Amino acid sequence: MRIDGQRRSTKFEDRGAGGGGGGGIPVHALGSLFRLLGPKGMLIAVVVLGVGYFVLPASLKQQLFGALTGGGQQAASGQGAGSVCETSAENGKACDFSRVVLGSTEDVWTPIFQRGQLPQYGEPAGPYQEPTLVVFANGVSTGGCGNASSAVGPFYCPADRKLYIDPSFYDVMEKKLRAPGDFAQAYVISHEVGHHVQNLLGSSRLKVKGETANQASVRVELQADCLAGVWGHTARASLEITEEDLSEALTAAHAIGDDTLGHSDERQFTHGSSAQRKRWFRRGFESGDARQCDTFAVQNYAQL
Ligand SMILES: [Zn+2]
């Protein structure tokens with residue numbers, strides 16, 4: 001893919017390194033993580049939460065982000081030291097790249113919302129409202145989703161409509177998840193933007209009668225993957241997205257499937273299997289039609 005000559009989004013905040021003195025995810029939360037997820041620890045923490053902080057059950061979220069409210073030690077935003085983007089040439093590149101991808105998602109979703117070519121959940125969604133991308137290092141405090149450390153990976157906070165990413169996650173993808181490549185990184189951003197789209201559509205809060213919270217989460221996550229694919233389809237020409245790029249995204253989608261991450265019990269799935277994640281991404285990428293992303297319209301959960 002090619003990013004030179006592209007528009008950079010202005011909806012971008014550089015928060016710097018997380019507020020000093022105990023910023024980031026509380027130790028308590030890390031303890032919970034290990035208890036919940038076992039010794040695979042960090043990798044799973046990064047990944048499972050990583051691409052999907054968004055739809056964790058509220059109770060779990062409360063555990064993971066225990067210091068959310070009433071903790072009183074929420075770091076003020078902007079309190080962080082300096083600029084993430086200026087810390088290193090690598091970070092500078094990551095920031096610039098992220099702004100291009102975000103700008104491209106704006107260009108893609110604005111007309112789709114204008115035309116109303118979207119799955120319908122109740123009232124029409126209205127015009128597209130652009131989310132803001134926040135880059136941070138170490139830890140960050142959000143406007144309504146509590147404090148988070150880099151260990152949780154990229155996430156979207158529906159309360160303030162912002163995407164949060166520590167550029168070091170790109171390194172995690174490349175080295176730990178073996179999912180390298182710029183388009184794999186773009187997939188992560190566009191997946192989080194997918195959660196924003198869901199927030200505007202109202203599908204992020206849906207639950208099919210009789211299904212568990214984890215199953216609702218899988219439906220939401222697979223839809224976000226599909227919406228990421230819709231972005232890829234639409235941006236294909238302008239960003240010169242190639243077949244190789246597509247396989248980078250599919251490699252990334254595979255790497256963060258629940259089964260590949262070590263869950264053998266399907267009931268524990270929160271994001272879907274590797275096969276499902278690839279299938280839904282591809283479905284969006286091939287059709288370019290967000291209406292094809294209605295994971296909630298699939299009646300039989302086993303057929304997702
Ligand atoms: Zn997600």
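Which handedness, left or right, does the link of Cys145 and Cys157 have? With 90 degrees about the S-S bond, that link is right-handed. I will come back to this pair after some ground rules.

What you have above is a predicted model, in which local features need pLDDT of at least 70 and side-chain atom pairs count only at pLDDT 80 or more, while totals for chains, interfaces and linings use all residues. Residues are numbered from 1 along each chain as its sequence is written, and side-chain values use heavy atoms, with hydrogens and water left out.

Disulfides to begin with. A disulfide is a covalent bond between the sulfur atoms of two cysteines. Here a pair of cysteine sulfur atoms within 2.5 Å is taken as a disulfide, and by this rule the count comes to 3. If you number the bonded cysteines in sequence order, the pairing reads 1-2, 3-4, 5-6.

Buried means under 20% relative accessible area, exposed means over 50%, and partly exposed is in between, using a 1.4 Å probe and protein chains only.

Take Cys85 and Cys95. Their sulfur atoms are 2.1 Å apart. The torsion about their S-S bond is about -90 degrees, so this disulfide is left-handed. The pair links distant parts of the chain, 10 residues apart: Cys85 is in the loop between helix H3 (58–64) and helix H4 (89–115), and Cys95 is in helix H4. Both Cys85 and Cys95 are buried.

Back to the pair I opened with. The sulfur atoms of Cys145 and Cys157 are 2.0 Å apart. Cys145 sits in the loop between strand S3 (139–141) and strand S4 (147–149), and Cys157 in strand S5 (residues 155–157), so the link ties together parts that are 12 residues apart in sequence. Cys145 is buried, and so is Cys157.

Then there is the pair of Cys226 and Cys293, with sulfur atoms 2.1 Å apart. At -70 degrees about the S-S bond, their link is left-handed.

Now the strands. Two strands pair if DSSP finds at least two bridges between them. Strand S6 (residues 162–165) runs parallel to strand S2 (residues 132–137), joined by 4 bridges. S5 and S6 run antiparallel, with 3 bridges, and Cys157 stands opposite Lys162 in S6. S5 and S6 form a hairpin with 4 residues between them, and Arg161 in the turn has a positive phi of about 55 degrees. Both faces of S6 are covered: Lys162 and Tyr164 on one side, and Leu163 and Ile165 on the other, are all buried.

Next, the interior. In soluble globular proteins, nonpolar side chains tend to be buried together. A nonpolar core here is a set of buried Ala, Val, Leu, Ile, Met, Phe, Trp, Tyr and Cys residues joined through side-chain atoms within 4.5 Å. How many residues does the largest nonpolar core have? It has 68, and those with the most contacts inside it are Met1, Trp109, Met173, Phe183, Trp231 and Phe281. Among the elements that each supply at least two residues of this core are H4, S2, S6, H7 and H9. A second, separate core has 9 residues, including Val140, Cys145, Val152 and Cys157.

By contact I mean heavy atoms within 4.5 Å. Not counting residues up to four places away in sequence, Trp109 touches Leu118, Tyr128, Val193, Val197, Leu227, Val230, Trp231 and Ala290.

Ser9 is in the segment before strand S1 (12–17), and at 0% relative accessibility Ser9 counts as buried. Leaving aside neighbours within four places in sequence, Ser9 is in contact with Arg99, Leu102, Gly103 and Glu106.

Phe269 is in the loop between helix H8 (243–255) and H9, and is buried, with a relative accessible area of 8%. With neighbours within four places again left aside, Phe269 is in contact with Asn214, Val218, Asp258, Asp259 and His263. The C-alpha atoms of Phe269 and Gly257, 12 residues apart along the chain, are separated by 8.7 Å.
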